[in-house]
Amino acid sequence: MELRRLRLENFRQFAQTEIEFGQGITGIIGPNGAGKTTLLEAIAWAIYGVPAVRGDKESIRRHGAPGRSRVSVTVEFRLGVHEFGVDRTLYGAELRQDGQVVANSLKAVSEKLERVLGMSHAEFFNTYFTGQKELAVMAALGKSERAAFLSRVLGYERLELAQQRVRERRNMIAAELKGLEAGLPDKGELEAERAQAQARLAQGRTAAAAARAAQRSAEAALAKEQPRWKEWEERRDRIRSLESERAMAQHAVEGARQEFNRLDKELAEARLASRELERLSGELRPLKTLKTELAKLEREQREDAARQADLAQQAELTRAREALDKRIGELETTTAALERAEREARQLGERLAQAEQEVEQQRAEWVREREAAATRRSELLKQYEEVKLHRDDIERLGPEGKCPTCGRPLGTEHAGVLQELEAQLIAIVDDGRWLRQRVEQLAEPPDVVRAAERGRDTVSNQARQASERAGALRTLAEERVRVSAQRTSAVKRAGELEAKIAARATGYD
């Protein structure tokens, strides 16, 4: 695994930091508290997630960063022939391999990287990411366990699997070769069969030469007869064409005969109809006057029916306009009420923003206090280990041993120094107990945060209700505009109907 680049945003004490790793070994130098361990912790968090860091998700965010600010770590590295890039935030993660996304969730990214690296979170922290005074984990393993662990970490088991498969393939091919050799016939029999096959091949070649000669003779005869064959084909085609034309002409003659018979029959029927028309013309002379009068009455009836329909439509438009006038009167006060509701909604929105800001401030203060207590407790644990180690060294060396600090025998001061260190240990333990209680107290949001959240929720409900009221009034205002437009259209349509009714003819009885 070869690191290429590391980017941190609001992670622990780093606001915006980017490190590009060069070839060879990279050293990170700085005083205590500068963030050396945080850089390593960021790499482990990007690979394995929350289990790889101290504290919970909120403790990862940089002290002083806004409550909803982005927290992210990006690690780019090379492993074998592939380039990898992992981006992890508090609520999501993405893994790229050679520029293509191969995982895009917190769990999937951790599991994929665990398979790619070939080691779990615990194994990674006990080998490549081993901290100070933690290398004894490897020494605690037995010889065979240590060898198996290193073999798995370095990928030796893949070489052993490949060797095993090669051996199995070699044994299978050797067995197959032996089986083929055992199944071969006698060499003399093979030679005799070969001689017979060569004789049959010679006979086949002679027969093929004779067949090619016969083929050439047949092709010459075919070329000689080909012109005569084409001439007969042309005659056959002409005969078929003439027969087709004769059949078509015969069909046309038959159709003409049938058409003549039909026309002759129609002519006889027309002569009979003409004589009948001459007989009836005298009887039908009054019918023309009756038809004219009927047409006039039908026109007047249609005009009267249209007039009645226009009158009914006019009455309906009058009723619709009255209903629209009534609705417009009901919606008269909507505009003023809408202005009041929108003003109230704006004021509640401003109060909600203030409440949100107060909640963020209270939560940020609580988180800062909780992180400070947790950090101070961790520092006390380290201080306790250092003081205890110093006391144990002085106690082990005795009065005549050299002090690890000043390099001289303590002598009569030995007991006093031990007593002072013991008092320091007791004070550290007391402070640690108090800090542990404080951390437990701050595990849940305090009352002031809950009170701010309740106040924010109350204002939010009021703002939502005000927005709903404003929305309902806005709908009524839009309805008033729409109803007014409908009334204008109804008035226009009524005028058109009145003009149309006045233009229609009257007098139908």
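Biologist: Where is aspartate 98 found?

Modeller: In this predicted model, local features need pLDDT of at least 70 and side-chain atom pairs count only at pLDDT 80 or more, while totals for chains, interfaces and linings use all residues. Residues are numbered from 1 along each chain as its sequence is written, and side-chain values use heavy atoms, with hydrogens and water left out. Strands are DSSP runs of E with at least two residues, and helices are runs of H or I with at least four, numbered from the N terminus. Aspartate 98 is found in the loop between β5 and β6 (100–103).

Biologist: Is aspartate 98 buried or exposed, or in between?

Modeller: Buried means under 20% relative accessible area, exposed over 50%, and partly exposed in between, with a 1.4 Å probe and protein chains only. Aspartate 98 has 42% relative accessibility, and therefore counts as partly exposed.

Biologist: Which phi does arginine 12 have, and in which loop does it lie?

Modeller: Arginine 12 lies in the loop between β1 (2–11) and β2 (14–20). At 13% relative accessibility, arginine 12 counts as buried. Although arginine 12 is not a glycine, its phi is positive, at about 55°.

Biologist: In what order do the six strands of the open sheet run?

Modeller: Two strands pair if DSSP finds at least two bridges between them. The edge strands, β2 and β6, each pair on one side only. With antiparallel pairing, the order is β2-β1-β3-β4-β5-β6.

Biologist: Which residue of β3 is the bridge partner of arginine 7?

Modeller: Strand β3 (residues 72–79) pairs with β1 in the antiparallel sense over seven bridges. In β3, the partner of arginine 7 is threonine 74.

Biologist: Are α10 and α12 roughly parallel or roughly antiparallel to each other?

Modeller: Axes are lines fitted to C-alpha atoms, for helices over the stretch in contact, and angles run from 0 to 180 degrees between N-to-C directions. Helix α10 (residues 334–397) packs against helix α12 (residues 447–503) at about 160°, with the axes 8 Å apart. Angles under 35 degrees count as roughly parallel, over 145 as roughly antiparallel, 65 to 115 as roughly perpendicular and the rest as oblique. The relation of α10 and α12 is therefore roughly antiparallel.
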